[in-house]
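Dear colleague,

I am passing on the structure below, and after it you will find notes on what turned up when I went through it. Please read them with the structure open beside you.

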Amino acid sequence: MTLSGDACFLLRPGVMALLRPLLLDVVPTIQQTAALALGRLANYNDDLAEAVVKGDILPQLVCSLSEQNRFYKKAAAFVLRAVGKHSPQLAQAIVQCGGLETLVICLEDFDPGVKEAAAWALGYIARHNSELSQAVVDAGAVPLLVLCIQEPEIALKRIAASTLSDISKHSPELAQTVVDAGAIAHLAQMILNPDAKLKRQVLSALSQIAKHSVDLAELVVEAEIFPVVLTCLKDSDEYVKKNGATLIREIAKHTPELSQLIVNAGGVAAVIDCIGSCRGTVRLPGIMMLGYVAAHSENLSMAVIISKGIPPLCTCLMEENEDHIKAAAAWALGQVGRHTPEHARAVAVANVLPTLLSMYMDTHSSEDLQVKTKKALKNILQKCTYLPALEPLLHDAPPNILKHIVGQFSKVLPHDSKARRLFVTTGGLKKVQEIKAEPGSLLQEYINTINNCYPEEIVRYYSPGYSEILLERVENYHPVL
Amino acid sequence: MATLARLRARLPALREECFRRNGAVDEYRKKEYKAAVKIQSWFRGCRVRAYIRYLNSVIIIIQKWWRGYQGRRYFRKMVETAYFIMKMNFYNEMAVRIQKRWRGYYVRKYTHNYYALKKYLEAISVNNEIVRKELNEYAEMREKEKKKKDLEKKEKEKDHQARKMHYLLSTEQIAGVYNSPFRKSPDPMELLLRKSKPLSHRQQPAKNHLICDWSNCTRSLTFPTAQPLPPIGRQKPQGPFRDTAEVLQQRYKPLEPTLRVAASINSLEKAREEIKREEWRNCVHDNEFLPFSSYHKKEKYDPSIHRSGRYDQETYGIKHFREVQPKKWIADKLLEWSGMWNTSQI
C-alpha cells in the first residue's frame with residue numbers, strides 16, 4: 001500500500017474492483033488494510049476518489065461501519081474524509097449513501113481516534129457549501145461536536161473546533177445552530193490553551209460565528225473574550241495572530257458600539273502592534289479592522305489616530321508587494337481621514353498623499369487598488385486644509401483629483417495671508433496658472449477664486465508666456481533719446 | 001205733435017249728431033286721455049323721483065355711517081392682527097436667541113463635549129499604553145518560558161550524552177579527552193561527566209505517536225494480527241477434512257515448552273557461576289577486610305564472656321542445663337485430669 005506518484009496506474013487494472021471484495025473479507029486485518037488503501041488512494045487524487053464513489057464502495061463502508069472495531073472505523077472514516085474533501089459532488093454522494101448518520105454514530109464512540117476521524121470527515125464535507133453544512137447539522141452532529149471539544153485530547157479538540165468553524169461559516173442560521181448548542185462558552189475557554197494550532201482553529205470558529213450578524217457578534221463578546229483575545233495577538237504563531245485579528249475585525253465591523261467596546265478594551269493598540277510586527281497577508285485583517293473602526297464615527301477615528309495607527313498603515317502601504325493589501329491600507333487611511341479637517345491633517349502630515357497619488361497613477365496597479373486609492377484621495381482631500389501637504393500634489397495630479405486640490409486651496413487662501421505668501425513662493429500660483437480648465441467648469445471657478453486673492457500684476461506675472469510678452473514689449477520699445 | 005215730429009225729424013240728425021259728437025269726443029277722448037295720462041305720468045314720475053331722491057339722500061347717510069362703522073371695525077381687526085403678528089415675531093426672535101444660546105451650550109457641554117472628548121482620548125491613550133505594556137510583558141514571559149524550555153531540553157540532551165559517554169571520564173593516570181593537561185581548568189564537559197551516573201543499556205521506551213500521525217500515513221501501521229493467513233488459491237478439498245486454516249495453525253503452532261523442559265540440566269550450576277562472576281565483577285576491592293590504620297583506634301574494646309562475668313564457675317552446664325520453672329510443671333496435675341477424664345467417659 002505504498003503511495004506512489006503514479007497511483008493512477010493502479011486505476012487501470014481496476015484496483016477498485018479488487019479492493020471492494022477485500023472489504024468484506026473474514027479477517028478483520030484485511031478489511032482494515034483494504035479500507036486504509038482505499039482511503040490513501042482517494043486522498044491522493046480526485047479522479048481516484050470519483051472511482052471510489054463509482055465503484056459503489058461507499059454503501060458497503062457505511063453499512064459495515066457500525067458493527068466493526070475501532071481500527072476499521074478509523075479507516076472507514078478516513079476513506080469518507082478523503083472522498084469528501086475534493087468537491088461538493090463527491091461530498092453529496094457521501095451524504096446520499098447515508099454516510100452522515102454513521103459518522104455521527106462514530107462521534108459517540110469511546111475511542112478518541114475514532115471521534116477525531118469522524119469529526120474530520122464531517123468537517124471536510126461541511127466545508128463546501130451551505131446545503132452540505134445543513135445536511136451535517138440535520139444529522140445531529142453539532143451537540144456531539146460540542147462534547148468533543150470538551151474532551152482532553154488536544155488533537156480531537158482541534159478537529160472539532162475546525163469542523164464547527166466550517167459549519168458556521170456559511171450562513172447565519174447555521175451559526176445560530178452552533179451557538180444554540182452552547183459552543184461559544186467552550187470555545188472562549190479554549191482561547192487560553194497554550195497549543196498554537198488549537199488556538200488557530202478556535203479563533204477561526206469564533207470569527208466565523210461572529211461575522212454574520214450583530215446579535216451573534218454580541219453573543220461572542222458576552223463570552224468575555226476581551227481582553228484575553230488581545231494576548232493572542234502577541235502569540236509567536238503567525239496564523240494565531242491572523243485569526244485573532246480576523247475575530248476582532250468581524251466584531252468591530254457591525255456597529256459603532258461594538259467598535260467602541262473594542263477601543264475601550266485597548267484592542268486598537270494591540271492590533272496596531274500586531275500589524276507592526278507581521279509581514280504579508282497576516283497583516284490584512286488587522287488593517288481592515290482599523291478601517292472599520294475608523295469608518296463608524298469621528299471619535300473612533302480620532303481614537304485610532306491617537307493610538308498611533310497611521311504610521312503602521314503608511315508603512316503597510318509602502319512596503320507591501322501585494323496589491324490587495326495595499327488597497328486595504330489605502331481604504332483604511334481614507335476612512336481615518338475623511339471625517340474632519342483634523343483627521344485629514346493627521347493623515348496628510350504622515351506624508352502619505354503622494355504615495356496614494358502615485359499608486360493611483362501607476363499603470364501596474366490593479367483596478368481595485370486604483371479605485372480604492374482614488375476614493376481615499378478624494379475623501380481625504382475634500383477635508384484637508386493642511387496646505388504644505390497639498391502642494392506637492394499640484395504638480396502630478398490628474399484633472400479629476402486636481403479639481404479637489406485646487407478647490408481646497410480656493411477655500412483656504414482667501415482667509416490666510418501667510419498661506420498666500422507661501423503659495424506664491426513655492427510655485428503653486430505658477431502651477432495653477434498653467435492649468436487649462438474649461439470655462440464655466442468648477443475648476444475654472446476655483447482658479448478664478450484663487451486669482452482674485454492676488455493683485456493682478458502678480459497673476460499676470462505668473463501666467464504662462466508672460467516673459468514673451470515682456471520681451472515683445474522690449475522689442476517694440478523705442479527709447480526716448 | 002209737431003215737436004214730436006220735429007223731434008223725430010231731428011232724431012236721425014240727432015242720432016247722427018250724437019254719433020258725430022260722441023265720435024268727435026271719442027277722437028278727442030283718446031287724445032285727451034293720452035295727454036292726461038302723459039301729464040299724470042310725468043307728474044307722478046316727478047313725485048316719485050323726488051321721493052326717491054329724498055330716499056337716496058337718506059339712505060346715503062345711513063350707508064355712509066354704516067360703512068364707516070364696518071370699515072373701522074375691519075381696520076381695528078387688521079390692526080389687532082398686525083399687532084399680534086408683530087408681537088409673535090418679536091417673541092420668536094427672542095425665543096430663537098434663547099434657543100440658540102441653549103442649544104449651543106447643550107451641544108458643547110453634552111453631545112460634542114470637547115473637553116470630555118479630549119479626556120476620553122487621553123484615557124484611551126493611557127489605556128493603550130497599559131495594554132501595550134501588559135502585552136509586551138506577556139510576550140516576554142512567553143519568550144522566557146520558551147527559552148527556558150529550550151535550555152532545559154539542551155541540558156537534558158547534554159546530560160544524556162554525558163551519561164552515554166561516561167567512559168571518557170579522566171582517571172588519575174590517564175587524562176581524559178576533555179581534561180587536557182595543557183588546559184588551566186577542565187572543560188565543562190569533564191565536569192558534567194564527573195557528575196553523571198553511567199547509563200545502563202536498557203531499551204528506550206517507545207515514543208508515543210500522536211493520533212494525527214495515523215491517517216497522514218507518516219508511519220507504517222501495525223494492526224494486531226490474530227491468526228496466520230491460509231495460503232491463497234487452494235480449493236477446498238473434497239471429503240471430511242478439517243479446515244485448512246486450523247490444520248495449518250496446529251501444524252505450525254509455535255513451541256511453548258514448560259518451564260521444566262525449557263530449563264537446561266546444568267542450569268543450576270550455571271546460575272551459581274553466574275552469581276559468582278557477578279560478585280567478582282562488581283566488587284571493587286579484592287581485599288575486603290583490609291584494615292585502615294585509624295579504624296582500630298576508634299574500635300571499642302569488647303571484653304570476652306569470661307572476662308565480663310563473675311569470677312566464679314558458671315553453674316550452667318554443670319549444675320543445670322535448662323531453666324527450671326516448677327510452677328509450670330503439669331506432672332502432678334495429670335493425675336487429677338486423668339481422673340476427670342475417666343469419670344466423664346462413664
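A polar contact here is a pair of N or O atoms within 3.5 Å, where, within protein, one must be able to donate a hydrogen and the other to accept it, and where residues adjacent in sequence count only if both atoms are side-chain atoms. By that rule, 8 residue pairs are in polar contact across the interface of chain B and chain A, both residues being at pLDDT 80 or more. Please keep in mind that this is a predicted model, in which local features need pLDDT of at least 70 and side-chain atom pairs count only at pLDDT 80 or more, while totals for chains, interfaces and linings use all residues. Residues are numbered from 1 along each chain as its sequence is written, chains are lettered from A and ligands numbered from 1 in the order in which they are written, and side-chain values use heavy atoms, with hydrogens and water left out.

On the interface itself, the rule also finds 3 salt bridges between chain B and chain A, a salt bridge being a side-chain nitrogen of Lys or Arg within 4 Å of a carboxyl oxygen of Asp or Glu. Asp235(A) forms a salt bridge with Arg142(B), and their closest N and O atoms are 3.3 Å apart. Helix 2 (114–164) and helix 4 (212–215) of chain B each supply at least two residues of the side that touches chain A, and helix 2 of chain B gives the largest share, 15 residues; helices (H or I, at least four residues) and strands (E, at least two) are DSSP runs, numbered from the N terminus. In total, 25 residues of chain B are in contact (heavy atoms within 4.5 Å) with 34 residues of chain A.

Turning to chain A, its secondary structure comes to 33 helices and 0 strands, and buried residues (under 20% relative accessible area, with exposed over 50% and partly exposed in between, using a 1.4 Å probe and protein chains only) make up 53% of its 481 residues.

One residue there deserves a look: where does His343(A) sit? His343(A) lies in helix 24 (residues 341–349) of chain A, and it counts as buried because its relative accessibility is 3%. The side chain of His343(A) reaches the backbone oxygen of Glu298(A) at 3.0 Å, and, leaving aside residues up to four places away in sequence, His343(A) touches Glu298(A), Ser301(A), Met302(A), Ile305(A), Val336(A) and Gly337(A).

With best wishes
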